[in-house]
Amino acid sequence: MQFNNKVKMSLNDWRQFEDDENISLAFGNVTFLSTRPNSHLHVYTESVIRQYAPSYLGQMIVAEYDSITNDTTTHTDDRLNIVGYIPSNQEVQYSVDEDGYFNASVDIVLSKIYAIDVYNLFKSKDTKAVSVEQLVGFTPETEDGIDGVDEKIVIGFEGIGITILGDRFKPSVPNANIK
């Protein structure tokens, strides 16, 4: 049976997706954590990533879309919108990249209907940089250091969400991206 009538949705022209396999959702993968050096100088070990990366399962994918630049922005305090989520019914995927760094990835779901501008960005460019939102614990010896100046050793974290960054912004971890 085909359902052709739309009733009070946020998107006026939903038919642009009617030939897609899924009219309302898009699926992707995000690499979000790594032992690779990052701009904050936070040091993540493989064991810490393995232990705490699952805290991202069930969390949100957020972005702020700027209609002037036609792109997403960066971390903003009050203008981020939920554009998708990280399903909790999966295992975190771990890999080692060509440079020998350990990485964590998860499958994600984006809304086509409620985040159409963000979804459409992936039609012209299939990869966007991302940045993690997390609460972090550091070793007592390094916790008072200054982010980006002093090396701080991560002993644990709680994943809060993942932000899709605009092309003008570089992720803290060079290979952090969503496809």
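In which sense do strand 2 and strand 10 pair, and over how many bridges? In this predicted model, strand 2 (residues 42–43) lies parallel to strand 10 (residues 152–164), and the pairing runs over two bridges.

**Pairings of strand 10**

- Within the parallel pairing of strand 2 with strand 10, the residue that stands opposite His42 is Lys152 of strand 10.

**The salt bridge between Asp97 and Arg36**

- Asp97 and Arg36 form a salt bridge in which the closest N and O atoms are 2.7 Å apart.
- Because Asp97 sits in the loop between strand 7 (93–96) and strand 8 (102–111), whereas Arg36 sits in the loop between strand 1 (25–34) and strand 2, the pair ties together parts that are 61 residues apart in sequence.
- Asp97 is buried, having a relative accessible area of 15%, and Arg36 also counts as buried, at 14% relative accessibility.
- Asp99 joins Arg36 and Asp97 in a network of salt bridges.

**The salt bridges of Asp167**

- Asp167 meets the side chain of Lys125 in a salt bridge, with an N to O distance of 3.1 Å.
- Since Asp167 belongs to the loop between strand 10 and strand 11 (177–178), and Lys125 to the loop between helix 2 (116–124) and strand 9, this pair ties together parts that are 42 residues apart in sequence.
- Both partners are partly exposed, Asp167 with a relative accessible area of 47% and Lys125 with one of 39%.
- Asp167 forms a salt bridge with Lys128 as well, and in this case the closest N and O atoms are 2.9 Å apart.
- Lys128 lies in strand 9 and Asp167 in the loop between strand 10 and strand 11, so this contact ties together parts that are 39 residues apart in sequence.

Conventions. Residues numbered from 1 in each chain as written. Predicted model: local features only at pLDDT ≥ 70, side-chain atom pairs only at ≥ 80, totals over all residues. Heavy atoms only, no water. Pairing = 2+ DSSP bridges. Helix = DSSP H or I, 4+ residues; strand = E, 2+ residues; numbered from the N terminus. Salt bridge = Lys/Arg side-chain N within 4 Å of Asp/Glu carboxyl O. Buried < 20%, exposed > 50% of the residue type's maximum accessible area, 1.4 Å probe, protein only.
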